[in-house]
Amino acid sequence: MSDRPVPILMYHSIARLPSAATRGLSVSPEAFARQMEVLGERGFTPLTTGQLAAVWRSSGASLPERPVLITFDDGYEGVHRYALPELARHGFTSTLFVSTGWLRGEHDTGGGLDLMLDWDQVRELAAAGTEIGGHGHTHLELDQLTDEELRLELSRCRDIVVGELGTRPVSFAYPYGYSNRRVRGRVREAGFAQSLAVGNTLARRAQGPYALRRVTVRRSTGTEEFERLVEGRAIARTFARDHVLTKGYAMVRRARQVRRKAISSRV
């Protein structure tokens, strides 16, 4: 069936000694290697974000028996150093969502939270079959931006990827997972054909191409928990605390938006 739920795994840093800012969402190289072994042992077939979306857009295409997506956010150097060899060993593909202003090189704004990839490494990942997607230029909360700020954040990211790789990115991941109808519309207008949120549940075709959900893999994710995540078991219980915190912070952020609109209307 082409519309079965699909686990989309969200990774960030792969590192032995991550920075304090990335530690919670980092995964050790050894844990990552074991997780890839689990996927291989259980017969999962990794797809890129673009491949999954293409199947879900087609009435005649079908998914592999056990599809999974392996995605990386931000652009940490360990994705090249540690993840790429493991992916290659298993013949797995993946998607890397880059915050272009965080990567080392001429576009670097200095915001990276740890050692980041450089563009030669990104090109090597792309040459190995990794889909390179956008993650904003400076990793801002997109739904908090004005229309012009949002347009620039998306277009700058897109145009830098085109300039560095020679290909237009077709997939996007919302920084921090935050989006709304306006943001999703602007992402589409910027030329991205699909985008990923967080949500910590399995992705389903009914979510639509601009709100596909992912499950977070972090340093505390043990092998047994990882097995449950990819099998779609006990996900709600695993992320119950996250869902409560997300709802609470969403209320705070909505209040900020209302306050900002009220202030701007008086100016």
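**Figure 1. Overview of the predicted protein chain.** Among contacts in the protein chain between residues at least 6 apart in sequence, 66% join residues at least 24 apart, contact meaning heavy atoms within 4.5 Å. The chain has nine helices and eight strands; helices (H or I, at least four residues) and strands (E, at least two) are DSSP runs, numbered from the N terminus. Of its 267 residues, 50% count as buried, a term for under 20% relative accessible area, with exposed over 50% and partly exposed in between (1.4 Å probe, protein chains only). The model is predicted, with local features requiring pLDDT of at least 70 and side-chain atom pairs counting only at pLDDT 80 or more, whereas totals for chains, interfaces and linings use all residues. Residues are numbered from 1 along each chain as its sequence is written, and side-chain values use heavy atoms, with hydrogens and water left out.

**Figure 2. The nonpolar cores and the surroundings of Phe-72.** The largest nonpolar core holds 39 residues, of which Leu-9, Tyr-11, Phe-32, Leu-39 and Phe-72 touch the most other members. Two or more residues of this core come from each of β1, α1, β3 (67–74), α3, β4 (95–98), α4, α5 and α7 (223–231). A second, separate core of 13 residues includes Leu-52, Ala-173, Ala-203 and Leu-212. A nonpolar core is here a set of buried Ala, Val, Leu, Ile, Met, Phe, Trp, Tyr and Cys residues joined through side-chain atoms within 4.5 Å. In soluble globular proteins, nonpolar side chains tend to be buried together. Leaving aside neighbours within four places in sequence, Phe-72 is in contact with Tyr-11, His-12, Ile-14, Phe-32, Val-79, Ala-83, Leu-87, Ser-94, Thr-95, Leu-96 and Phe-97.

**Figure 3. Ser-13 and Val-27 in the loop between β1 and α1.** Ser-13 lies in the loop between β1 (8–11) and α1 (29–41), and Val-27 is placed in the loop between β1 and α1. Ser-13 counts as buried because its relative accessibility is 2%; Val-27, at 2% relative accessibility, also counts as buried. The two residues are 14 residues apart in sequence and 6.3 Å apart in space, C-alpha to C-alpha. Apart from neighbours within four places in sequence, Ser-13 contacts Pro-18, Thr-22, Leu-25, Ser-26, Val-27 and Tyr-76. Not counting residues up to four places away in sequence, Val-27 touches Tyr-11, Ser-13, Ile-14, Ala-15, Phe-32, Gln-35, Val-217, Arg-218 and Arg-219.

**Figure 4. Packing of helix α3 with helix α4.** The axes of α3 (residues 78–90) and α4 (residues 119–127) come within 10 Å and cross at roughly 20 degrees. Axes are lines fitted to C-alpha atoms, for helices over the stretch in contact, and angles run from 0 to 180 degrees between N-to-C directions. The two helices, α3 and α4, are therefore roughly parallel to each other; angles under 35 degrees count as roughly parallel, over 145 as roughly antiparallel, 65 to 115 as roughly perpendicular and the rest as oblique. The crossing of α3 past α4 is left-handed, the term for a near helix turned anticlockwise from the far one by less than a right angle, with right-handed used if clockwise. Val-79, His-80 and Leu-84 of α3 make the contact with Gln-121, Glu-124 and Leu-125 of α4. These residues divide into three nonpolar, two polar and one charged, where Ala, Val, Leu, Ile, Met, Phe, Trp, Tyr, Cys and Pro count as nonpolar, Asp, Glu, Lys and Arg as charged, and the others, Gly among them, as polar.

Figure 5. Trp-119, Val-122 and Arg-123 of α4 meet Ile-160, Val-161, Glu-164 and Leu-165 of α5. This contact comprises five nonpolar, no polar and two charged residues. The axes of α5 (residues 147–165) and α6 (residues 181–189) come within 10 Å and cross at roughly 40 degrees, and these helices are therefore oblique to each other. The contact joins Asp-147, Leu-150 and Leu-154 of α5 to Arg-182, Val-183, Arg-186 and Val-187 of α6.

Figure 6. Most residues other than glycine have a negative phi. Asp-74, in strand β3, has a positive phi near 85 degrees. Asn-200, in the loop between β7 (194–199) and β8 (212–216), has a positive phi near 50 degrees. Asp-74 is buried, with a relative accessible area of 4%, and Asn-200 is buried with 7%.
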